Amino acid sequence: MILPIQYSTTCLTLLAVCFVLMSVGCGDSDDDEDLIEEGAEPLVVTIIDKWSDDPPVPERSEAEILADKILQRETEDFYFDLPQRNQLIVEIERVLSLIRAVYPPMSGIHAAEHDIPGELWVFLEPDFYEIVENMLQDKQGLFRFETGNADFDALNAKLEVQAVKLGPARTSSFIFFFDKHLNLRVASEAYSVVGVVQHVSAGGPLGTSTDIQAFKQGETWYFIFRNGWGDCPAGCVYQELFCFTVTGTTVEMIPTAQAQTMLPFQELDSWGLHNATPFANATAYTWSWWDKNRSWEYGGRLPTDDNLGCALFGEIEAFPNLLSVSCGYSVESLPREDIDDYDFTGAVLLLVATQERTVIGNSESHSTVVASKVVLAAKTAAEIEQPEHVYFENVLMAINPPPPSSPFERWWGAVHPTFVVCWDHPQTGWRAYQFIEPHFRHVSRYEASNQPGCDKIRDTDYIQILDVSVPIHSIRDDIDEVLPRPAAPE
């Protein structure tokens with residue numbers, strides 16, 4: 001264990017003495033041995049006003065980020081061994097250079113910061129939080145940080161908290177700042193066994209579109225480069241993975257399907273060794289809306305062993321220039337307050353496909369195009385048992401995706417369905433249009449299961465708009481063409 005330079009001789013002596021936490025034994029490695037030592041000196045910290053800026057975030061190179069990820073995952077000391085860290089950084093820089101020399105597009109994929117070095121968010125039990133908050137009220141600058149809880153104070157002193165800041169309102173949290181070489185995983189585990197601590201988390205930036213994972217086994221390095229897209233602050237809806245091994249100076253690119261079967265890659269991967277890219281560069285691909293939304297629950301990936309798909313939302317079979325779409329809706333009731341004297345005539349499906357282009361390593365290349373004309377399909381009331389449950393099968397859409405200009409260009413797509421339920425007044429010939437769209441933000445909250453629960457769908461899973469007058473003129477004409485209005489009585 002490498003201790004920060006500022007540790008005093010007295011503190012170094014005291015670190016050899018251990019005491020028993022409320023629920024942690026001493027002398028047993030299975031019980032978090034030596035997490036906290038007895039007799040730690042009182043701690044003086046800097047109190048940062050909640051309106052003030054945080055201390056500057058230490059800058060780390062790409063190799064430093066990867067070295068810290070490895071050490072955080074594989075070591076159990078509170079602080080990184082600096083000589084070991086420096087050796088890792090040199091090795092990682094060498095291996096990254098080798099991979100990118102052979103596969104230049106990998107230069108556009110970078111290791112992402114998942115946490116801020118030396119920063120932890122500590123969430124306290126409400127009663128204890130109130131005590132500490134009152135103690136720090138209106139304090140600023142250097143302050144002797146003793147809360148009265150022996151376990152909590154001893155751990156703060158052991159880890160040498162450097163600064164403390166009040167967390168956001170109503171979170172019962174404080175932000176603790178430490179030396180930048182603190183092993184945040186081990187420190188979090190230590191705080192989590194202190195009785196007054198509810199939980200701990202590392203502060204970090206939002207999700208990014210690219211990332212790298214690295215792992216060394218024997219003389220071989222294993223690397224996974226991730227290129228993601230589609231709402232990456234929320235975890236990336238889509239991704240493509242590139243897997244490499246490097247032994248000495250030999251670089252080998254491993255197909256993702258093969259990497260799935262290799263234990264080192266399995267241990268390394270945190271995204272799922274699966275390329276979640278709907279109908280991009282494929283001869284045929286079956287995909288479902290549930291498929292897309294389930295990917296949010298898996299951090300942007302899709303599980304390969306699940307029977308995905310729910311007929312009520314739909315499925316897509318994609319070919320190079322053609323989509324076959326099946327989809328529908330199911331609601332408990334359709335609001336009819338303003339159209340009680342209207343008759344149900346039928347339903348129309350409006351489909352439009354969009355495609356987006358991304359190039360690995362060139363974030364400026366992103367663009368969106370409409371890849372098809374609006375496609376309409378109709379079912380009359382005679383073909384529908386209930387207007388609350390409608391399903392369309394195998395509606396064909398012609399698409400025109402441009403061919404990739406390089407092996408590292410990707411086109412991916414999305415299909416946007418709108419259902420229009422039509423109601424006609426038997427005497428006047430007036431028509432009311434009810435627009436229904438799947439509300440995917442609600443759909444994505446459902447828990448994963450091998451058989452998606454279509455019975456869990458509720459009215460709130462759809463956006464319903466009733467337009468008793470007319471919709472947009474061009475859409476109205478198209479709807480009326482595929483689903484003509486009944487002839488009014490003479």
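**Entry 1: the overall picture**

I began with the fold and counted 11 helices and 20 strands in the protein. Helices (H or I, at least four residues) and strands (E, at least two) are DSSP runs, numbered from the N terminus. This is a predicted model, where local features need pLDDT of at least 70 and side-chain atom pairs count only at pLDDT 80 or more, while totals for chains, interfaces and linings use all residues. Residues are numbered from 1 along each chain as its sequence is written, and side-chain values use heavy atoms, with hydrogens and water left out.

Next I looked up burial, and 49% of the 490 residues are buried. Buried means under 20% relative accessible area, exposed over 50%, and partly exposed in between (1.4 Å probe, protein chains only). For contacts I took heavy atoms within 4.5 Å. Among contacts with a separation of 6 or more, 72% are between residues 24 or more positions apart.

How many of the 10 residues of helix α5 (residues 150-159) are buried? I found nine, so the helix is mostly covered. Among them are Phe152, Leu155 and Leu159, along with Asp151, Asp153 and Lys158. The buried residues of α5 pack against β2 (119-124), α4 (126-136), β5, α6 and β6 (197-202).

Ser188 counts as buried, at 16% relative accessibility. Apart from neighbours within four places in sequence, Ser188 touches Leu120 and Val200.

**Entry 2: aromatic rings**

I searched the whole structure for aromatic pairs and got 17. Rings of Phe, Tyr and Trp (its six-membered ring) pair if their centres lie within 6.5 Å; planes under 30 degrees apart count as stacked, over 60 as edge-to-face and the rest as tilted. One of the pairs is Phe176 with Tyr191, edge-to-face, at 6.1 Å centre to centre and 75° between the planes. Phe176 lies in strand β5 (residues 173-177) and Tyr191 in helix α6 (residues 184-192), so this pair ties together parts that are 15 residues apart in sequence. Phe176 is buried at 0% relative accessibility, and Tyr191 is buried at 0% as well.

Which residues do ring pairs link into a cluster? I noted Phe128, Phe145, Phe152, Phe176, Phe178 and Tyr191. Phe152 had already turned up among the buried residues of α5.

I also looked for a charge over a ring (NZ of Lys or CZ of Arg within 6 Å of the ring centre and within 35 degrees of the ring normal). Lys379 lies over the face of Phe392, 5.7 Å from the ring centre.

**Entry 3: salt bridges**

Side chains of opposite charge can pair when their charged atoms come close. My rule for a salt bridge was a side-chain nitrogen of Lys or Arg within 4 Å of a carboxyl oxygen of Asp or Glu, and the count came to 17.

The closest N and O atoms are 2.8 Å apart in its salt bridge with Arg60 and 2.6 Å apart in the one with Arg85. Arg85 lies in helix α3 (residues 82-102) and Asp68 in helix α2 (residues 62-74), so their pair ties together parts that are 17 residues apart in sequence. Are these residues buried or exposed? Asp68 and Arg60 are both buried; Arg85 is buried too, with a relative accessible area of 5%.

Elsewhere, Arg476 and Asp477 meet in a salt bridge (3.1 Å, N to O). Arg476 is buried at 19%, whereas Asp477 is partly exposed at 34%. Shared partners join Arg60, Glu64, Asp68, Arg85, Glu113 and Asp115 into one salt-bridge network.

**Entry 4: backbone angles**

Last, I checked phi. Asp138 is not a glycine, yet its phi is positive, at about 65°. Asp138 sits in the loop between α4 and β3 (141-144) and is exposed, with a relative accessible area of 75%. Asn394 also has a positive phi, near 55°. Asn394 belongs to strand β17 (residues 389-398) and counts as exposed at 52% relative accessibility.
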